[in-house]
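Please open the model in your viewer and get ready to select a few stretches by residue number. We will go from one stop to the next together.

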Amino acid sequence: MIKFFGENFELDLSHLKITLVEENNIFHKSFLRNYSLPFSFRLDDETSKKLGFIGDYNSRNRKVKHSGNFLYGDNFAEGNLLLSYVSKGVVQGTVNYGKSAIELLEVPLRELPFPAVDVPNILTHAKDTIDKAWPEVGYNFPMIIDESISLKNYYQHFEGIINKTDGSSNFITNNSVVEEGKSVPYNRNVIAPCVYLMEILKVGFDSANIVMTGNFVNDKVNEKILIYLDNYLESYSSDKVNLHQTSFELTDFVPEMTFGAFLNKIKNWLNLDIRFRKNIVTINYQEQGFKNISFPDMSYLENDGVRINMNDKKIYTLVYDKSTKISVDAKSNLVAGSNYTVNDVETINMDLSVLNEDTLGAITTATVTEDQEPFKILLYNGLQSGYNVSPQTVFGRSFDVASIFHRFWKNWIAFRLNTSLFTDNYQTDQDDLKIDSGMYKYDNKHIIKKITRKFSGNEEGDLDITVESEVIF
């Protein structure tokens with residue numbers, strides 16, 4: 001049985017020869033929705049009415065997208081019916097379905113319900129905040145070296161460090177100085193709040209009543225990660241002294257992207273396995289669990305027609321930004337990516353920068369340089385010897401690209417570069433496959449990559465199934 005339940009209608013598609021496709025998100029750089037291939041059905045008066053009189057030339061109520069629920073076989077999921085055209089009484093459409101179709105993924109970060117900040121004195125507030133941590137606070141004020149600010153108007157006396165303090169948790173203040181009879185602004189400091197990565201995730205998921213769980217969520221080091229934008233608080237006096245804003249919106253300090261794009265960014269950085277189930281999202285490190293799934297014995301489905309494609313990739317390249325990348329071969333050896341052709345390389349472009357440290361005066365902390373990506377990450381673990389500096393390591397762990405490879409990618413990349421792709425096709429009236437499970441066939445453990453189900457459109461319920469899987473040797 002195949003049915004779509006819209007807001008005010010039910011559409012029976014059981015008589016159609018529909019093809020449904022499920023893909024395992026762990027093999028992809030972005031979230032994929034389960035989907036159907038295009039299908040067509042003939043309109044009658046009742047169906048046309050259900051779809052907003054879509055077949056009426058004078059209709060002003062045609063909807064391209066209908067949200068609802070999708071029933072296929074014994075499965076029931078959230079879904080969308082997407083209509084592409086109508087012609088001569090025939091409508092063509094597709095369905096996408098599954099929890100990854102939640103609307104939250106399409107919401108811009110800057111439209112999430114971050115709380116507004118309104119304080120009597122921003123410097124006092126920042127001083128009270130810098131020795132606190134998430135989740136007690138959702139943002140913080142680490143020192144960051146950025147000497148380019150001194151090139152901006154009114155900042156020729158900038159001391160080169162954002163959120164600069166004096167070692168006693170007091171922030172350096174700005175003032176004006178009379179020089180040759182003129183008042184000159186001495187803007188030595190700028191104040192820039194940095195939002196915690198975990199705060200962005202929490203505010204987003206909370207807004208959709210979704211609870212976070214998983215070993216990524218429980219990993220305390222992730223509570224120390226901040227996101228920095230090239231933005232700071234400004235409120236000028238009449239003589240151009242920056243007194244800093246005392247009220248601001250955190251939405252001005254989160255990346256300009258959707259929640260789904262943000263989640264993808266973190267997924268591709270730390271190699272995460274993200275699964276939605278009802279009102280729960282489970283976020284795990286893929287490196288730690290991809291071999292620990294169930295592998296039920298499905299050797300009874302083996303057939304002589306199986307197709308085996310050998311892996312054609314020779315190296316993986318993990319790229320942070322223009323100046324930061326690492327390439328590894330099938331034996332986890334570091335190699336020179338320039339020695340391979342484009343077809344030999346699988347590239348993961350993370351499009352982010354983890355700020356390196358530098359020293360300015362007596363301060364060693366994270367630094368901003370011209371070749372970095374707009375999406376900037378730094379670590380913060382409270383005051384260090386009285387200073388709100390950003391360290392390179394927290395709990396003995398660092399996030400340079402080599403460390404990211406060894407901790408989060410090494411085993412997964414070795415699997416991907418040493419595997420083979422098996423493609424099986426068979427007919428059955430019993431569908432035991434699950435996209436997030438594995439299977440044991442052909443004397444090996446297989447992780448399922450893609451399932452294509454072709455429904456016959458008749459009452460027998462026969463299925464033509466094509467399953468693609470990769471072998472763990």
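Helices (H or I, at least four residues) and strands (E, at least two) are DSSP runs, numbered from the N terminus. Residues are numbered from 1 along each chain as its sequence is written, and side-chain values use heavy atoms, with hydrogens and water left out. This is a predicted model, where local features need pLDDT of at least 70, side-chain atom pairs count only at pLDDT 80 or more, and totals for chains, interfaces and linings use all residues.

**Stop 1: two helices**

Select residues 197-207, which form helix α3, and residues 259-270, which form helix α5. Two packed helices are described by the angle between their axes and the distance between the axes. The axes here come within 11 Å and cross at roughly 135°. (Axes are lines fitted to C-alpha atoms, for helices over the stretch in contact, and angles run from 0 to 180 degrees between N-to-C directions.) The two helices, α3 and α5, are therefore oblique to each other: angles under 35 degrees count as roughly parallel, over 145 as roughly antiparallel, 65 to 115 as roughly perpendicular and the rest as oblique.

Now show the side chains. Which residues of α3 and α5 make the contact? From α3 come L197, I200, L201, G204 and F205, and from α5 come F259, F262, L263, I266 and W269. Contact means heavy atoms within 4.5 Å. This set divides into 9 nonpolar, 1 polar and no charged residues. (Ala, Val, Leu, Ile, Met, Phe, Trp, Tyr, Cys and Pro count as nonpolar, Asp, Glu, Lys and Arg as charged, and the others, Gly among them, as polar.)

**Stop 2: the sheet beside these helices**

Next, find the open sheet of 3 strands with the order β16-β20-β19 and mixed pairing. Two strands pair if DSSP finds at least two bridges between them. At the edges you will see β16 (211-213) and β19 (272-277), each pairing on one side only. The twist averages 20° from one strand to the next.

For one example, select I274 and its bridge partner in β20, I283. Bring the helices back: α3 lies across β16, β19 and β20, at about 135° to β16, while α5 lies across β19 and β20, at about 135° to β19.

**Stop 3: another sheet**

Move on to the open sheet of 3 strands ordered β23-β22-β24, again with mixed pairing. Its edge strands, β23 (324-329) and β24 (345-349), have a single partner strand each, so one side of each is left without a neighbour in the sheet. Here the twist averages 15° from one strand to the next.

Select β22 (residues 315-321): 6 bridges join β22 to β23, and the two run antiparallel. Y316 stands opposite V328 in β23.

**Stop 4**

Zoom in on P135, in the loop between α2 (122-129) and β10 (139-140). The peptide bond from W134 to P135 is cis, with omega near 10°.

Go to Y154, in the loop between β11 (144-145) and β12 (161-162). Y154 is not a glycine, yet its phi is positive, about 75°. (Buried means under 20% relative accessible area, exposed over 50%, partly exposed in between, with a 1.4 Å probe and protein chains only.)

Finish at D351, in the loop between β24 and β25 (353-354). D351 has a positive phi near 50° and is partly exposed, with a relative accessible area of 38%.
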